[in-house]
Structures are given as C-alpha cells and as structure tokens.
Amino acid sequence: ASGPLASRLRASDDEGARRLLGAWREVFGERLAVEVQLHHAGGAEAALAGALVSLAERERVPWVVAHDPRYVDDTGRLAHDILTALRHGLTMDEAAARGVLHPNGEWRLASPAGMARRWCGREEGVRESVRIAEACAPFDFAWMRPPMPTFAVPAGHDDLSFLRAQAYAGAHERWGASLSGRQVAQLEHELALIGRLRFAGFFLVMWDAVRFARSRGILCQGRGSAANSAVAFCLGITAVDPVAHGLLFERFLSEVRVDGKAEAPDIDVDFEHDRREEVLDYMYASYAREKAAIACTVQTYRAPNAVQDAMRAFGYPPELAVSLSKRLHHAEPAEAAQVIRDGLGAERGLDVTDARGRALLQGIAAFEGVPRMRSTHVGGFVLSSAPLGHYLSIEQTAMGRTIVQFDKDDLDAVGVPKFDFLGLGGLSAVRRAFDVIERRTGVRPAMYRLPYDDAQTYALIQRGETIGTFQIESRAQIASILHTKPERLYDLVVQVALIRPGPIQAKFVHPYTERRLGREPVTFLHPALEPILARTQGIPIFQEQAMAIAMALGGYTGAQADELRRTMGNVRKKDRLVGALTRLRAAMVGRGVEGELADRICADLVSFANYGFPESHAWSFALIAYATAWLKAHHPTEFFYGLLNSWPMGFYPVSTLIHDARRHGVPLLPPCLCDGDWECTVEETGDPARPALRIGWRHIRGVGTAVIDALRDARMAAPFTSIADVVERARLTRADVIALARAGAFGAWAGDRRQAAWEGLRATGDLLPLAPASRAMHHPAPLDRDRLVLLDYYAVGLSLAGHPMQSVRERLRAGGAVSSRDLAGLPSGRTVTVGGLVTVRQRPSTAGGTIFLLLEDEWGFVNVVVHKSLVAENEEVVKRAPFVLVQGRLEKSGAAINVVGRKFRELEVGDGAFVHRAHEFR
C-alpha cells in the first residue's frame with residue numbers, strides 16, 4: 001500500500017493519506033498492510049519511511065518492510081543504470097545529474113540477514129514480513145501448467161484406445177500386414193508408457209496437425225528425439241524407422257526422466273516453410289485462440305548490441321561505437337570487453353585507461369546474459385484445454401498472433417508442454433519438384449519410398465556436386481564429402497552431424513575421415529566405448545553417444561545421462577555445464593578411469609554443448625538430404641525449379657544456382673511476360689528428358705510485390721498480347737516498365753531491351769522529349785555479351801548469357817592467372833594466381849579469425865583461405881570486393897582443392913559498379 005500513500009505524504013497531505021488507507025481497509029480488511037522501504041538514500045527517504053510507519057501505527061494497520069530490488073549485485077546495477085539512462089534518452093552523466101538514476105547501489109536483492117540488520121530496532125516490520133510469508137502457500141510451478149489439450153476421439157474410445165488404433169493402423173501401412181515380434185513389442189512398450197504418463201492426447205494432437213498438413217498436400221516430417229519413437233513413426237509424424245535402426249525410445253520419453261515433473265515429450269515437426277502458416281491457422285481454429293499461443297524467444301545481449309548501447313550511454317561518438325561493434329560479431333559481452341581492453345580499443349582510437357574507459361568496459365561486460373528483447377519463437381506452440389491466460393502471461397503480437405511470454409527453457413522449467421511446428425525451406429523445394437514431376441510424367445515420387453541405394457545419386461554426392469541440396473551443400477560439407485565418399489544412407493546421417501561446430505572444435509572430423517578411409521586404425525579410449533562408438537569409427541558424434549559414455553564410464557542412470565545432455569544443449573547454461581562435467585569426471589575416476597583419460601573425455605563432451613545432434617535428428621535430415629540429391633541426379637530441371645521457387649534459402653545466391661544448373665545440363669530461359677509466370681516454370685523442349693527452366697518474374701529486381709501481384713492477376717485473366725497490353729492491364733508505372741525492360745521480360749515482343757523500354761514508356765503515357773526520332777535510335781546495335789551479362793546481374797541478379805569472368809579471362813590468362821578448371825591438373829604446392837566473383841564469405845567461430853572465400857568463375861569454384869594474419873591489411877578486398885584476384889599456394893588433398901592466399905587485389909570487371917549479393921558471413 002505504500003505507493004499512493006507515499007505520494008500523499010510527500011505532498012504533506014497527511015489527511016488524504018489517512019482517508020485513502022481507511023478506504024482500502026474497508027475493501028481488504030485484515031489483509032491490508034503498509035509497505036515501508038529503506039535504501040539509505042538520504043533524509044527524505046528516511047522521513048517518508050517514518051511517516052508511513054507512524055500512519056500505520058495511528059490507524060492500527062500493520063506495516064511490513066520491503067525492498068523493491070531492481071538487480072542482484074553491482075554488475076546488475078551498472079546494466080540497470082545504463083538501460084535507465086538510455087530509456088530516458090540521456091547519457092549516464094546527464095541521467096545522474098537529473099536524478100533519473102538511483103542514488104546508490106542499495107536497490108540490490110538483499111539477504112534476510114541484511115534486511116534484519118537494516119531494520120535493527122524496528123523488528124515489528126520484519127516480523128510482519130515473516131508472518132505474511134508464512135501465511136502464503138509455497139509457490140508451486142504446477143499452478144502455471146495449463147491442462148493438456150483434448151482431442152475429440154470417436155464414441156467408444158478414450159485417448160489411449162484411439163491412439164492405439166491409429167498406431168496399429170499406421171504400423172500395417174508402414175510395416176505391412178504382418179508385424180514382427182520386435183515391432184509389436186516396441187509399440188506395446190511405448191503405448192504402455194504413454195498411457196501411464198497420460199500423454200496419449202499429446203500424440204493425437206500432433207497426429208491431427210500432420211494429418212491436416214497432408215490433406216492439404218503440405219510436406220512435413222518430424223525430427224529430433226521424436227524419431228526414436230515407433231508410435232510417432234506409425235502415426236506418420238516421423239519418417240525414420242526406430243525399430244530397424246535400433247534407436248532408443250528412452251532418449252525421447254522415459255518414466256524416470258519425467259518423474260516429479262510430468263515433462264511432456266518433445267516432438268519437432270518441419271512443415272514446408274511457406275505453408276507453415278496454414279497449419280498454425282488450423283491449430284488456432286481447432287483449439288480456440290484463447291487456448292493456443294506461440295512461445296516467445298528471449299534474446300540476450302551479444303557483443304555488438306552491448307558495445308553500442310554502453311558507448312551511447314557513456315557519451316562516445318556513434319561512429320566509433322559502430323566501428324568497434326562490427327569487429328565483435330561472434331563475441332559475448334564479457335569477451336568483447338576483454339578484446340577491447342587487449343588492443344582493439346587502442347587500434348580504433350578508444351582510450352580505455354581513463355575513468356570513463358574503465359567504466360565503459362565494466363558496462364559492456366555487465367550485459368553478459370541480460371535479456372534484450374522478446375520475439376516470436378520459430379515454432380513452439382502451446383495448447384491447452386483451458387484459456388492460457390488463466391495460467392501464463394500472454395500478449396498479442398503486431399502480426400495478430402498470440403504469444404506466451406515464456407521461452408523454451410522457461411516452459412521446460414515450469415513443465416509446460418509445447419508442440420514444435422517449424423518451417424523448412426528444403427521441404428518446400430522437394431514438394432514443388434515432386435509436383436512438376438507428377439505433372440509431366442503422371443507419377444509422383446514419395447520421399448520415403450525413394451531407392452536409397454541409387455548409384456547415380458551417390459556418384460553425384462561423391463563428386464561434391466551438392467550445391468543446392470539440403471544440409472550437404474556448404475563448402476565445408478563438400479570438402480568433407482570429397483574425402484569421406486558417402487556410399488549409403490547412414491554415411492549421410494553421420495555427414496549431417498559431423499560438419500558442425502561441436503565435432504569440428506573437438507577435432508573429430510579429420511580422425512573420422514582417416515579412419516573411414518582405412519588410413520588410420522579405429523581405436524577406443526576405453527574398452528567400454530567400443531560398442532558405443534564402433535558405428536562412427538570410434539569418434540563420438542551423436543548426443544546419444546555422449547549419454548552412453550556417461551552411463552558406461554560414469555555409472556550414470558538414464559535420467560542422469562539425459563540431464564547431462566540437456567545441460568549441454570543450451571548455451572546459456574555454461575556454469576551448469578562446468579559443474580555437470582566436474583561431477584562426471586569425479587564419477588569416472590571413482591569407477592577406475594584414469595584422471596587424464598577422464599579429462600580428455602570431458603573436454604570432448606564440452607564440444608557437444610549447444611551443437612551435438614541426436615542420431616534420430618540426423619536420420620531425419622539425412623532423408624531430406626538424400627531426396628534433394630536424388631532429384632538433382634535424376635531430375636535436375638525440377639530440382640532447380642523447386643529450389644528457385646523456394647528461395648531465399650540455402651547457401652548460395654541465385655546466380656550461382658543458375659550457373660550450376662547450366663553445368664548440369666538444364667536448358668535455361670529468361671523471364672518473359674508472354675510465356676513465363678511470376679514463379680519459375682518448367683517448359684517442354686524437343687527432348688522429354690531435358691525440360692527447360694524459365695526464370696520467374698519474382699527474381700527481377702526493382703519490381704515490388706504489388707506489381708508482381710498485378711501482373712499475375714492480369715495474366716490469369718488472359719495472356720498478355722503486347723507490351724502495351726501488359727502496361728495497360730497491370731497499370732505499370734514508368735519505373736516498373738524500365739525494370740521489366742532492363743531484365744528482358746518484354747523479349748517476346750521486342751528483342752532489343754532499349755526498344756522495349758521506349759515502347760513501354762509510350763504505353764504509360766510518359767511522352768518524353770528524349771523519345772528516339774531517328775531510325776538509328778529505333779534500331780540500336782545489340783548489346784554485346786559482356787555488357788549483357790553485367791546488365792543481367794544488375795536487373796535480375798543472374799545471367800543466362802554467360803559469366804562476368806568471361807570478359808576478363810583473356811586478360812587474366814595473359815597475366816599468368818589460371819581458372820578453376822585448370823587447378824585439377826596442377827601440382828600441389830605450386831604458386832598460382834586465380835580470380836573470381838566472390839559468392840560466399842565465411843569466418844567460422846571454429847577458424848580462429850581465418851576467412852574463407854568461395855570464388856566463382858565460368859567453369860566452377862575456387863576455395864580461398866585467408867589467414868587471420870592477412871585479414872587486417874587486406875580487409876577492404878577480402879571483406880567487400882565483388883571480384884578478387886588472389887596469388888597463393890595450391891593445396892590438394894584428394895579431390896579437395898584450396899588456394900592459401902598470400903596476396904589479394906580487387907579485380908576490375910566491367911566499366912561500372914557490379915551488382916551482386918554474396919552469402920556474407922552467415
């Protein structure tokens with residue numbers, strides 16, 4: 001009751017405060033108390049506290065001490081003060097001068113002993129605080145757990161009996177009319193546990209979502225630990241047969257694991273990225289909006305935000321703050337403060353030795369782990385059979401969605417189940433490709449019935465021709481594939497999990513490759529590890545293996561091992577991870593494992609933190625990876641059709657995908673308003689096995705969504721017949737006409753793009769005095785190839801006329817430079833000069849500052865390594881130049897080829913600015 005009372009007393013309105021307290025006593029009776037705070041903030045606060053106590057005693061109302069804490073410790077105080085100043089648009093000095101900040105650090109979370117000392121001599125307020133606390137029931141997270149959603153089962157069924165019926169129906173569909181003893185035993189084991197834990201409704205809700213998606217032709221697939229479940233497999237939620245592959249159901253759901261918490265199973269289902277909203281709309285409609293909401297994502301401060309906010313609060317120039325923050329993209333705030341202290345600050349002109357500089361570093365570090373903003377989770381959906389607002393805090397988003405103000409970890413802590421509906425571009429691409437194959441051939445491929453021993457598919461993968469495929473298209477994946485030569489589906493399962501930061505940081509990739517190729521013997525750090533690691537060449541790659549190691553060497557129970565796995569699964573639990581591994585080491589040593597070996601095993605497990613894949617998850621991704629590779633090997637036109645119509649996705653710009661399509665024999669056609677459409681289309685040619693791919697209007701630059709919609713609607717009403725017809729029916733502006741003409745979209749009616757622009761401008765009524773009058777201007781000389789290529793990149797971001805490197809090839813060859821095609825025939829160790837268009841720039845956190853460039857020329861690609869010691873002196877070129885010329889040492893390891901750069905120069909191509917969007921440091 002202190003807020004309004006304090007305001008009255010500050011205004012010396014004692015009578016008003018007394019009347020207000022009396023009015024509240026009429027409402028609350030014996031449940032009313034006066035709150036009093038004391039922060040040693042000066043005489044005014046002490047006088048107010050005394051006045052509140054006197055008022056309470058005069059009116060015979062108990063008074064209670066409180067503290068209104070705003071932070072935990074001094075570090076929290078600094079972050080709180082910085083954010084307070086910024087909220088008022090002030091610097092720290094200005095905020096302090098204006099009294100915006102608290103006058104001291106006493107607003108921290110005080111201990112009971114500290115509060116007792118603070119109120120020594122006036123213990124009645126402390127006793128009242130204790131009395132109120134003891135009168136309250138202990139807070140229980142269960143109060144915040146909404147009841148599970150209910151599924152409307154048919155008459156004569158309960159949730160479990162209906163789940164059983166659907167599971168066995170699906171089992172016969174997937175396994176055949178006769179089920180094996182292992183299959184029946186697994187289903188019965190899982191159904192019994194699901195029944196005891198009362199999670200049948202959970203499975204039915206997810207089954208319902210998947211059933212709806214498939215009824216709409218939306219491709220979907222479950223992944224993660226749910227792929228360990230035979231029930232989920234038979235319900236069609238997942239695609240991996242856990243019985244055939246020996247996957248452990250207890251990794252997904254176990255009675256021990258949920259004891260005391262009633263933790264629901266975690267089922268992640270990927271839906272086509274651009275159709276996920278249809279599924280969400282169905283769930284909102286089916287389970288009522290007040291009973292459905294999306295989880296939030298709490299984003300904490302990273303170094304760039306911490307640096308910019310702290311420097312703004314301490315009054316530093318914005319330009320300096322931006323300059324520093326750009327060099328700290330991959331750091332956490334505390335690490336950034338150390339890097340600035342160690343030399344980056346001095347390098348950029350920041351003095352960190354004076355009082356303001358020292359305070360700045362403390363302020364940056366203070367943002368470690370501090371929440372910065374809340375956004376919508378990518379897929380976590382919370383459903384209930386009662387209004388969620390009765391249990392959890394919810395809010396409306398700007399997009400009209402309802403979100404729960406709890407992130408994934410918060411929901412786990414409370415024990416609230418969530419349904420993960422995720423969007424995946426790879427599934428969109430596969431479904432679109434299947435649509436076209438069915439339309440052309442009458443036969444629709446099924447992703448889970450593809451021939452998984454197809455030699456042509458594995459030959460394509462082994463050659464590293466996996467650009468555009470799912471999960472195995474990055475340059476690191478391709479380099480690894482060229483060594484490991486996958487020849488069966490399980491090889492792809494391992495490949496998907498292997499090229500991740502965790503295995504890379506643990507230096508697992510090289511020994512796995514050497515052992516797989518037979519160049520290094522398969523060894524095990526301990527005999528007990530052989531049955532755990534034999535299938536992965538003695539190298540721990542999957543989360544399940546990390547759990548099994550803890551159980552085999554540390555004597556952990558399944559519940560303890562799973563708790564370790566979950567601790568490793570979140571980057572915000574670093575302190576917990578250190579503690580968990582310390583306990584594991586002690587347990588291993590206690591069971592006779594040598595200390596040095598225990599240290600090595602724990603160090604390996606650190607690498608799994610936040611990156612380790614469950615094997616079931618890798619299986620799910622490997623199925624999609626194989627499907628995309630199969631499409632590229634057997635139906636390349638349809639493959640690129642699905643890929644481009646699902647873009648943006650994947651690793652490469654559209655121009656790179658188009659050049660790769662040409663190398664795979666796909667006939668390519670330009671965007672056309674007469675024969676094309678807003679998306680890419682597949683057109684028949686004289687060869688039924690080689691249909692052509694026409695680029696869609698959506699890839700034309702400078703044409704907005706509204707214009708594309710207008711063109712599409714007009715085209716659906718009737719085909720366009722002329723440039724004037726297009727302009728009139730789609731109501732194009734001058735800018736629209738120029739963008740379309742520049743891209744060659746009017747080519748069916750005017751072969752020359754400049755002539756098409758003039759005709760379009762006339763149709764808009766834009767009669768310019770510059771309209772060509774002479775016959776020569778009406779029939780200008782055609783653009784040569786080199787200028788046409790540059791114009792295409794400007795207008796569409798790609799060119800069917802050739803590659804921009806062709807225009808400088810002779811000049812480079814005369815200077816001694818070689819192309820990507822020449823590198824295979826040159827000896828390793830030779831000094832070479834190469835040039836190309838930069839399509840990918842990467843600086844992985846595992847590379848210690850080294851930058852990797854992927855240069856593209858008319859024949860293929862060149863992998864360039866820029867050592868961290870050379871980055872600073874060549875920063876403008878290696879980080880920003882569209883074309884780069886590199887001199888360096890050729891390194892070859894089997895089919896993998898790299899150029900380790902020594903000298904770098906920007907390569908000039910064309911006579912103007914080149915427009916290109918590379919994959920930049922993502």
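Start by selecting Arg 535, which at 37% relative accessibility counts as partly exposed. Bear in mind along the way that this is a predicted model. Is Glu 615 buried or exposed? At 6% relative accessibility, Glu 615 counts as buried.

The structure holds 51 salt bridges, so let us pick a couple of others. Select helix H18 (residues 408-414), where Asp 412 and Lys 408 lie four residues apart, about one turn of the helix. Their side chains meet in a salt bridge, at 3.5 Å from N to O. Asp 412 is partly exposed at 32% relative accessibility, and Lys 408 is partly exposed too, with a relative accessible area of 35%.

Next, jump to Arg 889 and Glu 891. These residues form a salt bridge whose closest N and O atoms are 2.3 Å apart. Arg 889 counts as partly exposed at 27% relative accessibility, as does Glu 891 at 30%.

**The sheet**

Now switch to a cartoon view and colour the strands. In which order do the strands of the open seven-stranded sheet come? Reading across, the order is E3-E4-E9-E6-E5-E8-E7, and the pairing is mixed. At the edges you will find strand E3 (220-223) and strand E7 (394-396); each has a single partner strand, so one side of each is left without a neighbour in the sheet. Look along the sheet to follow the twist, which averages 40° from one strand to the next.

Zoom in on strand E4 (residues 268-272) and strand E9 (residues 419-424). The two run parallel and are joined by five bridges. Within this pair, Glu 272 stands opposite Leu 424 in E9.

Keep Glu 272 selected and show its side chain.

Then bring in helix H10 (residues 200-215). H10 lies across E3, E4, strand E6 (371-383) and E9, and runs at about 25° to E9.

**The cysteines**

For the last stop, select the cysteines and show their sulfur atoms. How many disulfides does the structure hold? There are zero. A disulfide is a covalent bond between the sulfur atoms of two cysteines.

Begin with Cys 220. The closest cysteine sulfur to that of Cys 220 belongs to Cys 234 and is 16 Å away, too far for a bond. Cys 220 counts as buried, at 1% relative accessibility.

Finish at Cys 672, which is in no disulfide either; the nearest cysteine sulfur, that of Cys 674, is 5.1 Å away. A disulfide needs the two sulfur atoms within 2.5 Å. With 7% relative accessibility, Cys 672 also counts as buried.

Definitions and conventions. Residues are numbered from 1 along each chain as its sequence is written. This is a predicted model: local features need pLDDT of at least 70, side-chain atom pairs count only at pLDDT 80 or more; totals for chains, interfaces and linings use all residues. Side-chain values use heavy atoms; hydrogens and water are left out. Two strands pair if DSSP finds at least two bridges between them. Axes are lines fitted to C-alpha atoms, for helices over the stretch in contact, and angles run from 0 to 180 degrees between N-to-C directions. Contact means heavy atoms within 4.5 Å. Buried means under 20% relative accessible area, exposed over 50%, partly exposed in between (1.4 Å probe, protein chains only). A salt bridge is a side-chain nitrogen of Lys or Arg within 4 Å of a carboxyl oxygen of Asp or Glu.
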